[in-house]
Amino acid sequence: MAENQTYYVPEQSKWPIVATVGLGLMMYGLASIMVFDTTGSWITFWIGSAIMVYMLFGWFGSVIRESREGLYSPQMDRSFRWGMSWFIFSEVMFFAAFFGALFYTRVFALPWLGGEGDRGSSNMLWEGFQATWPLINTPDPQTYPAPEGTIGPWGLPLINTILLVTSSFTVTVAHHALKENHRKKVKTWLTATIALALVFVCVQGYEYVHAYRDLNLTLGSGIYGSTFFMLTGFHGAHVILGTVMLIIMLIRINKGHFTADNHFGFEASAWYWHFVDVVWLGLFVFVYVI
Amino acid sequence: MYLIFSFAMFLLGGAMAMVIRAELFQPGLQIVEPEFFNQMTTMHGLIMVFGAVMPAFVGLANWMIPLMVGAPDMALPRMNNWSFWLLPCAFLILVSTLFMEGGAPNFGWTFYAPLSTTYGPPSTTFFIFAVHIMGVSSIMGAINVIATILNMRAPGMTLMKMPLFVWTWLITAFLLIAVMPVLAGVVTMMLMDINFGTSFFDASGGGDPLLFQHVFWFFGHPEVYIMILPAFGAVSHIIPAFSRKPLFGYASMVYAVGAIALLSFVVWAHHMFTVGIPIAGQLFFMYATMLIAVPTGVKVFNWVATMFRGSLTFEAPMLFAVAFVILFTIGGFSGLMLAIAPADFQYHDTYFVVAHFHYVLVPGAIFGIFASAYFWLPKWTGHMYDETLAKTHFWLSFVGMNLAFFPMHFLGLAGMPRRIPDYALQFADFNMVSSIGAFMFGATQILFLVIVVKCVRGGEKAPAKPWDGAEGLEWTVPSPAPYHTFSTPPEVK
């Protein structure tokens with residue numbers, strides 16, 4: 001804050017309003033797909049999504065252009081940094097809600113249903129119900145058919161853990177290379193990161209198919225399936241988003257963007273990638289292993 | 001923009017409250033069906049919380065924080081613009097549910113499962129997505145506030161020299177970023193339970209409906225501080241200005257706000273004393289809740305100490321601010337009564353609770369907003385508002401508000417349950433008084449609209465600093481403040 005430079009105030013922009021229309025249509029469409037399921041709602045949803053994609057390209061495009069024209073001051077850079085860090089913090093809290101649900105169920109709700117602890121009397125709802133984890137016998141199997149098995153931690157999930165942790169290393173190597181201006185090295189390591197990410201997504205997809213088809217482990221198979229798919233599913237969605245970010249970074253590097261000391265776009269994607277990795281470690285420990 | 005939108009929502013939510021009070025004017029069912037009554041209580045709560053109070057404070061933040069820290073605009077102006085436009089969009093979806101088959105959400109603004117999942121109307125899904133959009137908007141707004149405050153302060157303005165309104169907003173923004181994603185998480189779980197057969201809140205699949213309340217109130221309790229902390233900040237500007245004395249105990253004010261914010265994360269289950277949580281949990285949450293009274297007491301003490309021996313004058317902002325301190329304290333005390341777990345078993349879900357939170361929200365948040373509006377209107381418009389009309393507005397609001405909400409304490413202690421369209425005969429008199437007060441308070445708000453429009457269109461020219469005792473960067477620039485005021489940062493000693 002020491003320097004007295006003038007503030008950068010960007011041009012008026014049409015993107016916010018485009019984004020609102022896009023997101024509004026998309027959300028409204030999604031809700032009406034779930035409630036009414038008509039062709040109209042699908043059309044609304046797709047129009048909304050198309051506008052969102054157009055907006056994302058346009059908005060980030062103009063930010064990138066302004067940044068490359070050198071319009072941004074160090075102050076803007078700091079604002080972007082604060083913005084990105086707090087965005088990641090909000091994502092952490094989002095996952096915290098689901099982890100909280102998982103812990104609450106395992107520590108309190110299920111033992112109570114099984115007849116233990118302060119509210120053990122709730123066992124009378126389904127007499128003879130045994131609380132186990134993973135929950136392979138739901139209290140009411142008619143409504144929530146139990147899964148036949150769960151995914152063990154030491155097969156595919158272990159492979160996935162190794163993949164993601166490695167990718168966190170490779171992206172850091174790429175970052176250091178960028179700082180030293182070895183552009184070729186950056187490309188190699190970034191491509192490696194993206195490849196690892198894509199393999200991860202494929203393995204995860206295979207795991208889901210396996211769970212649904214062979215184990216009858218679905219969203220509807222009681223609380224284990226609910227927490228399992230919600231946590232890993234949202235994580236998977238974040239992995240895909242992070243991968244898209246990294247791919248865009250690769251394209252930008254191929255176009256010759258970024259310099260050794262001005263590459264916040266790259267850093268932001270790397271931060272995001274590390275965040276995704278850390279969430280996975282939490283998942284691996286609490287969803288699969290314990 | 002935010003402020004106009006929020007006032008429109010205030011009137012809409014207010015109109016719904018009028019429907020509620022009209023129905024409750026006399027015992028028996030007269031005007032509306034019970035189902036519609038439930039939709040009204042739900043929508044009234046949602047619109048007032050998310051549509052009126054929060055955007056009003058975000059609006060004040062957008063206008064005042066850049067002026068107070070000496071910046072041209074918020075740090076990320078385009079994102080700011082987006083977070084505004086999302087709000088009308090979210091409320092369009094929310095209000096449209098009123099016209100859907102099965103009606104609008106009818107399960108109260110707290111949307112407890114399973115009322116909202118197993119037994120909710122089909123429009124619940126739309127409601128969930130509306131909440132998602134509001135959440136996105138609030139998070140972006142909050143990120144923006146934090147980035148502005150941390151990064152765009154004028155040289156020389158250290159953290160402990162920041163105006164209190166800025167401090168309270170910094171902490172509010174932190175709370176928003178921490179809890180809005182949790183709200184998004186809980187409505188997502190609802191969405192999955194309703195549409196995709198998960199069993200988060202269904203015990204027959206191993207879940208627990210109580211889980212909903214835990215996650216919801218983890219969001220919900222910090223949320224009430226989100227609605228009150230900026231008002232604390234604004235009042236901490238107004239009282240010194242009209243007492244012509246500096247604020248008593250600046251540092252303790254900052255620490256008190258911080259303490260309230262931190263404590264707000266560990267008190268959520270005091271909303272749930274009657275659901276059968278373990279005794280150890282009840283004790284913990286009871287004591288933690290009472291602890292909040294300590295920093296709040298520090299703040300009230302400091303405001304009173306600021307007024308002590310000041311040369312006080314009572315213009316409209318000061319009237320609202322003093323009423324804020326007194327009435328908020330009443331709301332705080334009834335909060336303490338509710339915090340005592342065994343007493344809460346009696347009070348829970350009665351009109352006493354309704355009286356409590358209306359006493360903190362109406363004279364707390366809403367009076368705080370009115371006070372700030374009158375305080376800064378000359379700065380925004382360049383004209384003085386009509387003082388006589390403003391004082392009329394204050395006295396009518398003050399009397400109407402107390403008439404509406406004070407009898408609710410008695411109703412609640414006598415055992416009248418909340419969220420009910422009909423009641424036993426012995427509650428009739430107090431309900432009638434309460435309804436009359438509510439109509440009075442509601443009608444008075446039209447006067448506020450008149451005052452503001454008059455002030456925007458003309459009136460006595462306002463000097464750069466219309467109040468003798470006011471301090472801060474915002475008073476160093478002409479009224480109205482020029483577009484993108486500080487394009488080069490001013491020095492702060």
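**Chain contacts and helix packing**

Guide: The contact between the chains takes 57 residues from chain B and 58 residues from chain A; residues are in contact if their C-beta atoms, placed from the backbone, lie within 7 Å. This is a predicted model, in which local features need pLDDT of at least 70, side-chain atom pairs count only at pLDDT 80 or more, and totals for chains, interfaces and linings use all residues. Residues are numbered from 1 along each chain as its sequence is written, with chains lettered from A and ligands numbered from 1 in the order in which they are written.

Visitor: Which helix gives the largest share of the side of chain B that touches chain A?

Guide: Helices here are DSSP runs (H or I, at least four residues; strands are E, at least two), numbered from the N terminus. On the side of chain B that touches chain A, at least two residues each come from α3 (77–96), α4 (124–151), α5 (164–195) and α6 (209–243). The largest share is 11 residues, and its source is α4(B).

Visitor: How many residues on that side of chain B are charged?

Guide: Ala, Val, Leu, Ile, Met, Phe, Trp, Tyr, Cys and Pro count as nonpolar, Asp, Glu, Lys and Arg as charged, and the others, Gly among them, as polar. The side of chain B that touches chain A has 35 nonpolar and 18 polar residues. The charged ones number four.

Visitor: What is the radius of gyration of chain B?

Guide: Chain B has 493 residues, so a compact globule would have a radius near 23 Å. That rule is 2.2 Å times the number of residues to the power 0.38, with the radius taken over C-alpha atoms.

Visitor: Are α3(A) and α7(A) roughly parallel or roughly antiparallel?

Guide: Their axes, for residues 74–113 and 264–289, come within 11 Å and cross at roughly 15 degrees. Axes are lines fitted to C-alpha atoms over the stretch in contact, with angles from 0 to 180 degrees between N-to-C directions. Angles under 35 degrees count as roughly parallel, over 145 as roughly antiparallel, 65 to 115 as roughly perpendicular and the rest as oblique. Therefore α3(A) and α7(A) are roughly parallel.

Visitor: How many nonpolar residues are in the contact of α2(B) with α6(B)?

Guide: The axes of α2(B), residues 34–69, and α6(B) come within 10 Å and cross at roughly 35 degrees. Val49(B), Val53(B), Met54(B), Phe57(B), Leu60(B) and Ala61(B) of α2(B) meet Ile226(B), Met227(B) and Pro230(B) of α6(B). No polar and no charged residues take part; the nonpolar ones number nine.

Key
Two residues are in contact if their C-beta atoms, placed from the backbone, lie within 7 Å.
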